[in-house]
Amino acid sequence: MRWLETLAVASVTSLAMGCASSATTPPEMSQTKSTVRAAEEVGAQNVPRAALHLKMARDQVATAEQLIADNEGEMAYWVLQRAEADAELAMALAREVSYRQEAMEAAQRIERLKQETD
Amino acid sequence: MRMMRTTAKWIAVAAAGGALSACASSAPSEQLVEARRTYDLARTSKAAQLVPAEVLEAQQALERAEAAHAEDANSFEERSTAYVAQRKAQEAMVQAEIAEARLNQERWERQYTELQDELRRRARSELEQTRMNLRDIENQLGAVRQELSDRSDTLGERAQELQRLEQELEARKAELEQQREARQQAEQKYQAAMQSLQELGTLKEEQRGLVLTLTGAVLFRTAQADLLPIAEQKLNRVAEALKMQEGTIVIEGHTDSRGADEMNQRLSQERAESVRQYLISQGVDPDRVRAVGRGEQQPIATNDTAEGRAMNRRVEIVIPNGGSTPALEPNAPSSMP
């Protein structure tokens, strides 16, 4: 909603200034792209479920960029919201795998120690 | 439950007049349905205990979606916020898994450390026990060594004692052997002496003892009391034989019946004395020897023949019974006939 208000103000301002409204990249775009990068950095592309959501995020970022170019700012905003949510989920899914792995290694260490001494 | 109330509230408002929405359709979009379902899952899962903040965020996202739905049902905004809410609810459950994994890891790492400590304690305790056992064994070993040493000393002493006794035994044996040899030699000498005595004259065992009879003709000239030279040879051997014994010796002189009794008595006494003196001169102990004249009183043959008379003219050396004469002790009873 905020974005809508921001756009309204921009539109009014540009109308007052007698210019045609131009498409501006919302701040959400760079935020979302940065989240997508973070998900890639934790290896989301290597975890099946995470990779799925990572792709969805990337696709939606592309869609948002197109919508901005087509002056569909509001829609772009919502699409970016979705992309952000997918990117965050992808990151969580990737981290889940590595934490589970670490926990399993800790369990195995105990087993090995028990076996060595019995 | 709070969520249900919120949803109900918005649905009621939407249904009540749709004053907030121009083209109100109260049916939720499939994204909203999905969002609600996923949120319910998250709310009732372990995420509620483990990551309540994440669940709250999911709830707030759903509320935004519900608000969007109430304002403009099925709008892109509603569907997008619902989409986000669904992802948030999913994420909450994933965060719950992460939290659980981290708790497990911490727990297992703690257990690992505790197990290590326990094992170290056990190892130290076993080591200590082993050390104590070792000390005990060393003490026992020391005691055994000491005993061994003591026994070894005792053994040494006994061995020496044994050696000493063996040496003593050997000495005794040698002594015994010497004594036996000496006795044997003495015996042989005695036998030899007796043998020679037998050769010297007649040796007889009588009631009164051992009697060596020497013919007068061998010893004396006729009617003389002096010893003939060859008599001395014989008497040497007699002396040797007598020196091998102890005990008294009686030398008896005898004559035949020719001549006066008195004369014969004197002659026989002198002759006996001569023999005595000679024997003493050859080393026979004087205290042992007595000389006695018997005259013509004890003839051993008839005086009517020359041979008989020759036989009567004799000297008898008597070794009475009771004197120590080895191997020739008379077995006859001591009673006189």
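Author: Along its sequence, chain A reads α-α-α-α: four helices and zero strands. Helices (H or I, at least four residues) and strands (E, at least two) are DSSP runs, numbered from the N terminus. This is a predicted model, in which local features need pLDDT of at least 70 and side-chain atom pairs count only at pLDDT 80 or more, while totals for chains, interfaces and linings use all residues. Residues are numbered from 1 along each chain as its sequence is written, and chains are lettered from A and ligands numbered from 1 in the order in which they are written.

Chain A has 118 residues, and 31% of them count as buried. A residue is buried if 20 or more other C-beta atoms lie within 10 Å of its own, exposed if 12 or fewer, and partly exposed in between, with C-beta atoms placed from the backbone. Two residues are in contact if their C-beta atoms, placed from the backbone, lie within 7 Å. Among the contacts in chain A with a separation of 6 or more, 69% are between residues 24 or more positions apart.

Chain A also touches chain B, through 22 residues from chain A and 24 residues from chain B. On the chain A side, these are twelve nonpolar, two polar and eight charged residues. Here Ala, Val, Leu, Ile, Met, Phe, Trp, Tyr, Cys and Pro count as nonpolar, Asp, Glu, Lys and Arg as charged, and the others, Gly among them, as polar.

Next comes the interior. A nonpolar core is a set of buried Ala, Val, Leu, Ile, Met, Phe, Trp, Tyr and Cys residues joined through C-beta atoms within 7 Å. The largest such core has 49 residues, and A:Ala90, B:Ala58, B:Ala85 and B:Ala92 have the most contacts inside it. Two or more residues each come from helix 2 (27–41), helix 3 (48–69) and helix 4 (73–117) of chain A, and from helix 2 (30–44), helix 4 (52–71) and helix 5 (76–200) of chain B. Helix 4 of chain A gives the most, 16 residues.

B:Ala58 is one of the buried residues of helix 4 of chain B, as are B:Glu54, B:Gln59 and B:His69. In the loop between helix 4 and helix 5 of chain B is B:Asn74, whose phi near 65 degrees is positive in a residue other than glycine. B:Asn74 counts as buried because it has 20 C-beta neighbours inside 10 Å.

Chain B also holds an open sheet of five strands in the order 1-2-5-3-4, with mixed pairing. Strands pair if DSSP finds at least two bridges between them. At the edges, pairing on one side only, are strand 1 (202–206) and strand 4 (289–295) of chain B. From one strand to the next the twist averages 25 degrees.

Strand 5 of chain B (residues 314–320) runs antiparallel to strand 3 (residues 249–254), with five bridges. Across this pair, B:His254 stands opposite B:Arg314 and B:Glu252 opposite B:Glu316. Seven bridges join strand 5 to strand 2 (residues 209–215) of chain B, also antiparallel, and there B:Val211 stands opposite B:Val318. Six of the seven residues of strand 5 of chain B are buried.

Helix 8 (residues 261–281) of chain B packs on this sheet, touching strand 3, strand 4 and strand 5, and its direction makes about 160 degrees with that of strand 4 of chain B. Axes are lines fitted to C-alpha atoms, for helices over the stretch in contact, and angles run from 0 to 180 degrees between N-to-C directions. The buried residues of helix 8 of chain B include B:Leu267, B:Ala272 and B:Val275. Among the elements that cover the buried residues of this helix is helix 7 (229–243) of chain B. Just after helix 8 of chain B, B:Gly283 takes a positive phi of about 110 degrees.
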